Each structure stands twice: as structure tokens, then as C-alpha cells.
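My entries follow in the order I made them.

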Amino acid sequence: MYTQGLDSPGREALHASSPDTAALEARFQARVDADEKIEPKDWMPEGYRQTLIRQISQHAHSEVVGMLPEGNWITRAPTLRRKAVLIAKVQDEGGHGMYLYSAAETLGISRDQMMAQLLSGAAKYSSIFNYPTPTWADVGAIGWLVDGAAIMNQIPICRCSYGPYARAMVRICREESFHQRQGFEIMMTLARGTPEQRRMAQDALNRWWWPALMMFGPSDAESRHTAQSMRWKIKRFTNDELRQQFVDITVPQARFLGLEIPDPHLRWDEASQHYVFGPIDWAEFQQVLKGNGPCNRERLEARRRAYEQGRWVREAALAHAEKQRQRAAQAA
């Protein structure tokens, strides 16, 4: 769902130490350049494999952790319709995580390994989910801004060079588009409601705007690995290109809602045909990534608790599978 993993390098690509390795790397790059899909059993540089493992697993972790900020609003949503839609959305996010864990497994890492990395804090997930959701308007802002930013990033991943990842993203993007519309509809209802509801919508926009811009990852000047990811066509656009597209699309939406973007530097530049926006607080971004955000500890503790509470289900499933294996062996 989220782009910070795009800037997390895998192990460095193998250097051509023999004519065979050099030929394999040249053939691999030629396939990528020709927009052929790389499949699990195809030869690939180790750096490509490790970069994908890191990116896809972080994407999966983000989907699963992303269920938490909205999940605690299911019982408090204002109407039965809102509850039903939010349940469906949270369920979708869990499904997205499962698709992505499956895609990562094709690269030689197990789901247990990925989960252990998440629960130990070794693996990252999107910084956006370490912010609190104190009002119902936050659910709308997440759908509109966070899922909107996710779609901006994920649509190009449908053309990622790695086949299983690209194919998983097709369905995910379709579902995310509904999530974005749901969030926008909540914000529109609040913005056209009572003065108190309108203030609630504006407050949510104020709090989520800058974290949403941070979702695209560091600026291109600070992103050391973008060039290689784009060469391998894991990534199709730079962080700053995606961020600019998001701003250009979202500012008119805010104005349609009658809400104000919390950026005094925001202006339309006629020459570039883009919005110019103010500086991002990258110090805050780095602090959240390091585990010092408002909800980092709360989010990880919730995932650890859920993992332990679900242990009996995993053990029961393994026991059943073993029993079936033994029966099949006896029948043979």
C-alpha cells in the first residue's frame, strides 16, 4: 500500500564475477527493459530479490497494521450503514495483506519469517499508521487522503517488473479506489453538515495532510536507491513525482469540499502547471520511522497481542494437517 519500502534497499546486486554471471545479469536487464514479467522461478540478481522481499513484506505489514486505526471505529460508527461499510473496508485491508504475503513468499521467505520481523520491530510499515484517530472524521480523512495516496503509488506497481506483485496489485487497486471514495463521501457529509461537523472535518484534514505527503517517502535528493529500483522497474515514478501528482489532484478536491489545505505556502504555479507546496517536516518523519510516533508502541503491541491470541488456531490447523497426513500415509 505504501512507498517507504521502495527506498529500503535489498542486498547489493551481485557483481559480475564471471562471464556467466555477467551474461545472466545482461539477459535479466534486457527482459526488464522489454517490459517482460519476471516470474518466481526465473533467474534474478540477489539484490532484486531482496529489494522485492523488503518492499512487498513492508507493504503487507502496512495493510495489516492499517486495519487498526479504523478498526476501533467499527462499533462507534454513526449508523448501521457506516458500520457495515467500515467492516468491509477493514476486511479488505486484511485480504490485501494476505495477497502480498503470498507474493513475497514466492521470493523464498516464509510468512512466519515476515511476521517475526514485524513483531520484533525489525521490519517497517508505513509511518502513516502511527497517528491516532480521535474522531469519526479521521476515518474519512484516512479513506480520502491515505488511500488516495496509496492509489497514486500502487497503480504504477500494477506494471512492476515482478509478475506476482504486479498481479496482486490489480485487485488491490480496484478495492482501494472504493476505499478512497468512501472516505471522500464521509468528508463531504461532514463538510456539508453542522458547524461542529465541518470543524471536525477541517481538523482531520489539518492533522492528516502532512503525514499523507510523507507517505511517498523521502525527497528524491535523499532517496539513495530510487535509481536502481527504477532501472529494475520495481518503481516507475520517483517519490517527488508521485507526491506532486497527489497534491495536484487532492487540492481541488479539498476546495470542492470547502475545506482549507493547512499549508500557507500552497499556490498554483502557472508556468509549471503544478501546485507549489511548503516544506515537509522530515524530522518528524524520521522520528516516526524510528518508533517514536504517537502510536508506534500501541500498534505493535496490538499486533503482538493478536498474534498470541491466534496461536491456538494455528496450532489446531497444524495438528489437523498432520492428522490428515498420517491418515493418507496409512491408506497408501
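The entries below start with conventions and then go through the structure by topic.

**Conventions.** I worked on a predicted model, in which local features need pLDDT of at least 70 and side-chain atom pairs count only at pLDDT 80 or more, while totals for chains, interfaces and linings use all residues. Residues are numbered from 1 along each chain as its sequence is written, and side-chain values use heavy atoms, with hydrogens and water left out.

**Helix 8.** I took helices (H or I, at least four residues) and strands (E, at least two) as DSSP runs, numbered from the N terminus. The expected span of a helix is 1.5 Å times one less than its number of residues.

Helix 8 has a kink of about 35 degrees at Trp-208, shortly before the proline Pro-211.

For burial I used relative accessible area: buried is under 20%, exposed over 50%, and partly exposed in between (1.4 Å probe, protein chains only). The buried residues of helix 8 include Ala-201, Ala-204, Leu-205, Trp-208 and Trp-209. With contact set at heavy atoms within 4.5 Å, the buried residues of helix 8 pack against helix 6 (136-157), helix 7 (163-191), helix 10 (239-257) and helix 11 (282-292).

**Ala-201.** I looked up this residue of helix 8 separately. Ala-201 has a relative accessible area of 0% and is buried. Leaving out residues up to four places away in sequence, Ala-201 touches Ala-137, Met-187, Leu-190, Ala-191 and Leu-259.

**Core.** I defined a nonpolar core as a set of buried Ala, Val, Leu, Ile, Met, Phe, Trp, Tyr and Cys residues joined through side-chain atoms within 4.5 Å. Which residues touch the most other members of the largest nonpolar core? They are Tyr-162 and Trp-209, in a core of 79 residues. Helix 6 gives the most to this core, with 11 residues. Apart from neighbours within four places in sequence, Trp-209 is in contact with Leu-145, Phe-246, Val-247, Thr-250, Val-251, Ile-261 and Pro-262.

**Helix 10.** I checked the span here too: 19 residues reach 27 Å from first C-alpha to last, close to the 27 Å expected. Among the buried residues of helix 10 are Asn-239, Arg-243, Gln-244 and Asp-248, along with Phe-246 and Val-247. The packing partners of the buried residues are helix 6, helix 7, helix 8, strand 2 (274-276) and helix 11. Just after helix 10, Gly-258 takes a positive phi of about 80 degrees.

**Rings.** I paired rings of Phe, Tyr and Trp (its six-membered ring) if their centres lie within 6.5 Å; planes under 30 degrees apart count as stacked, over 60 as edge-to-face and the rest as tilted. The structure holds 11 aromatic pairs. One of these is Trp-73 with Trp-136, edge-to-face at 6.1 Å centre to centre and 65 degrees between the planes. Trp-73 lies in the loop between helix 3 (67-71) and helix 4 (80-105) and Trp-136 in helix 6, so the pair ties together parts 63 residues apart in sequence. Trp-73 is buried at 8%, and Trp-136 is buried at 9%.

Trp-282 and Phe-285 are also edge-to-face, because their centres are 5.2 Å apart and their planes at 85 degrees. Both lie in helix 11, three residues apart, about one turn of the helix. Trp-282 is partly exposed at 25%, whereas Phe-285 is buried at 1%. Ring pairs also link Phe-28, Trp-43, Tyr-48 and Trp-232 into a cluster.

I counted a charge as over a ring if NZ of Lys or CZ of Arg is within 6 Å of the ring centre and within 35 degrees of the ring normal. The charged end of Arg-76 sits over the ring of Trp-73, 3.9 Å from its centre. The charged end of Arg-314 sits over the ring of Tyr-307 at 3.8 Å.

**Positive phi.** Most residues other than glycine have a negative phi. Asp-35 has a positive phi near 65 degrees; Asp-35 lies in the loop between helix 1 (19-33) and helix 2 (46-65) and is partly exposed at 45%. Lys-233 has a positive phi of about 60 degrees; Lys-233 lies in the loop between helix 9 (226-231) and helix 10 and is buried at 16%.

Conventions
Bend = angle between axes of the 7 residues up to and from the residue.
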